[in-house]
Amino acid sequence: MSDVFEIPKELLRLFSKVERVAVLTGAGISAESGVPTFRGADGLWSKLNQRELASMDAFLQNPQRVWEWYQQRKKIMRDVQPNTAHLALVDLEKMFSHFSIATQNIDGLHTRAGSRTVYELHGNIERNRCASCGALYELESEAIVPPRCHCGGLIRPDVVWFGEMLPEEAWQKALDAARSAQLYISIGTSAQVYPAAGLPFEALSNNAFVVEINLEPTELTPYAHLSLHRKAGEILPKLVEAVKKERSFC
Ligand code: BV8
Ligand code: ZN
């Protein structure tokens, strides 16, 4: 069987007719940039304990350990570049009057690639805030230990940990985009972390056509209209080229 991948015709026909497209991305879209994913083969959570690293309790228990882990990840994320999947979404955005990306990623790669409407559901590793008063901090130097705020509180990464609420504005905009989308694309997420994982289902319940692009089947797969289990960096550039052709004829 040839391994050449063709974009399904039904998807192209749909792309030629819609104007409102919304996207949800997870760690899988940054994998080809060299950013480790959480689950699946070789994921971070297969080696590390998320309860010791991605919650406020963990941070209060051992601020140093959590701080160091985020400093290590920040270094990786600064050293990598957006990949062809991120760049393909920048091109896709230009073809639709309503287009947005809700991302669970904290690496900032969509914005660095040039995407204009990005909702960061789980925060951004480049931002820090005081765990007590919420003051935001841009830290120039690489602080080895979690610095202290002027109020005396501990400074923490401005990311959303387990058990924490998502940023209200980003969440509401992502929800509105999912509920009004005609076409919803879930890319590189294991669809396990809520409430972000609920967004494709919001789109489904509002009659959107839901496409999943993910290396492995997920809990969304049985409900998606179309699931493409291949690399995002392989599919998205081909999809964008095919959509450009399709929409140039209409
Ligand atoms: C919340 C921090 C309301 C940022 C992360 C009990 C109490 C409280 C809450 C809960 C509870 N029980 C359940 C919950 C909800 C909980 C949750 O969903 N837990 C799950 C695990 C069951 N959610 C929360 O706590 C959220 N907050 O609910 O608040 C609330 C508040 C109080 C009380 C009640 C309710 C907060 C969730 C945010 C957690 N933060 N990390 C960071 O450090 O990055 S989790 C982590 O998972 C990241 O944020 C990550 O973005 C997110 C999702 O992971 P994915 O992005 O999907 O990545 P993953 O590795 O899993 O999958 C990648 C996929 O890509 C794989 O399938 C792979 O096959 C594929 N892939 C790989 N390479 C490629 C590819 N695909 C395509 N191409 C490739 N090349
Ligand atoms: Zn403070």
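A residue counts as buried here when its relative accessible area is under 20%. Keep that cut-off in hand, and remember that you are looking at a predicted model.

**Stop one: Trp161.** Select tryptophan 161 first. With a relative accessible area of 2%, it falls under the 20% limit and is therefore buried.

The structure holds seven aromatic pairs. One of them joins phenylalanine 59 to tryptophan 161: the centres are 5.5 Å apart and the planes make an angle of 40°, a tilted pair. Colour by secondary structure and you'll find phenylalanine 59 in helix 4 (residues 56-61), while tryptophan 161 sits in the loop between strand 6 (155-159) and helix 8 (168-180). These are distant parts of the chain, 102 residues apart. Phenylalanine 59 is buried too, at 0% relative accessibility.

**Stop three: Phe201 and Tyr223.** Jump to another pair. What angle do the planes of phenylalanine 201 and tyrosine 223 make? They stand at 70°, with centres 5.3 Å apart, so this pair is edge-to-face. Phenylalanine 201 belongs to helix 9 (residues 199-205) and tyrosine 223 to the loop between strand 8 (209-213) and strand 9 (226-228), so the contact ties together parts 22 residues apart in sequence. Phenylalanine 201 is partly exposed, at 27% relative accessible area.

**Stop four: the cluster.** Finally, select Phe38, Trp45, Phe59, Trp69, Tyr70 and Trp161 together: ring pairs link them into a cluster. Then show arginine 73, whose charged end sits over the ring of tryptophan 69, 4.5 Å from its centre.

Definitions and conventions
Residues are numbered from 1 along each chain as its sequence is written. Chains are lettered from A and ligands numbered from 1 in the order in which they are written. This is a predicted model: local features need pLDDT of at least 70, side-chain atom pairs count only at pLDDT 80 or more; totals for chains, interfaces and linings use all residues. Side-chain values use heavy atoms; hydrogens and water are left out. Rings of Phe, Tyr and Trp (its six-membered ring) pair if their centres lie within 6.5 Å; planes under 30 degrees apart count as stacked, over 60 as edge-to-face and the rest as tilted. Helices (H or I, at least four residues) and strands (E, at least two) are DSSP runs, numbered from the N terminus. Buried means under 20% relative accessible area, exposed over 50%, partly exposed in between (1.4 Å probe, protein chains only). A charge sits over a ring if NZ of Lys or CZ of Arg is within 6 Å of the ring centre and within 35 degrees of the ring normal.
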